[in-house]
Amino acid sequence: MANTLTIAYRDATDSVSLATKAIVEHAFTAIDERIVLTWMEMPLARSENALTKGIIDADFGRTRLAYQDIPEALYPEESLMSINYYLFGHTHVLKPEDYQYVVGVIGDQVNVEIAKRYQWQLIRARTERDALNMVNSQRVQAMIGYGGIRSIIEKEQFTDVRIGEKPVETAEVFLVLHQRHQRLIAPLNTVLRDMRDSGTTAAILAKHGL
C-alpha cells in the first residue's frame, strides 16, 4: 500500500475545500496511519490531465461526471459529501430561467449539465476567482458554482457579487484515485461509510459551517 499520496485540490481557504480535506485526512488515517498525504493546488482541467498521466495519485471533490471517459480514474462507491450549486449575480440574483450568459469554471461538468437544462450560453473561466471577477465587473450576467466559493467573495472583496438564496443543483462529490491505487478502494468505501453512519462526517461539515 502506498505510503505517500499526492492529492489535487482547488482553493485552500473556502469552507468546502477545508471540510473535504479534513474528511479525506480522517479517512486515510483510519485506513493506515502510515499513509502521508501531500496536497497540490491546481485547476480542475489541469488536475484531470495530471491524474490521467499518473502525476498525481488522487483528485478530491469531483462529481462522477468529471472522469467518466478516463479509464485511469477510479471512483469509490461512497461519496465524500454533497454540495450545492448556486447562481452568483451582480448586486442581485434572478431566476435561472432569466439568464442567457453565465460563466462557469473549466472542467466542472456539473456546470455544463446545468447550463444545458436552462439553455444558457456557458462562458468558461480558469478559476472561481476569475469567474467571480467577471461577475463583479459585469462582463457576464452571472456565475454558476458551488456554495463554498462565497468565501472567495469576501477574501477578494467582490463587493457587488451576491449569491442566490436557493441552490440550483445538489451533487455528490468523490475522491477520485488513479487506477494504481485500486487496493485502496475497498477500505476507503468502508471507512467513508463508517464515518457517515457514526456522524463523523456530519461533525466535520458542521465544524466548517456546512
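This is a predicted model: local features need pLDDT of at least 70, side-chain atom pairs count only at pLDDT 80 or more; totals for chains, interfaces and linings use all residues.
View 1. A pocket is an open set of points on a 1 Å grid over the protein atoms alone, where a 1.4 Å probe fits, with protein on both sides within 12 Å along at least five of seven lines; lining residues have an atom within 4 Å of a point. The volume is the space filled by probe spheres set on the points. Of 13 lining residues, Val16, Ser82, Ile83, Asn84 and Leu210 are the closest to the centre of this pocket. Strand E5 (81-90) gives the most to the lining, five residues. Residues are numbered from 1 along each chain as its sequence is written, and side-chain values use heavy atoms, without hydrogens and water.

**View 2. The second largest pocket has a volume of about 160 Å³.** Its lining comprises 14 residues, and those closest to the centre are Ser79, Leu80, Met81, Arg196 and Thr201. E5, helix H6 (185-198) and helix H7 (200-207) each supply at least two lining residues; helices (H or I, at least four residues) and strands (E, at least two) are DSSP runs, numbered from the N terminus.

**View 3. Helix H7 has Thr201, Ile204 and Leu205 as its buried residues.** These lie on the same side of H7 because they cover an arc of only 100° around the axis, taken from the directions from the helix axis to the C-beta atoms. Buried means under 20% relative accessible area and exposed over 50% (1.4 Å probe, protein chains only). Exposed Ala206 and Lys207 sit on the face turned away from the buried side.
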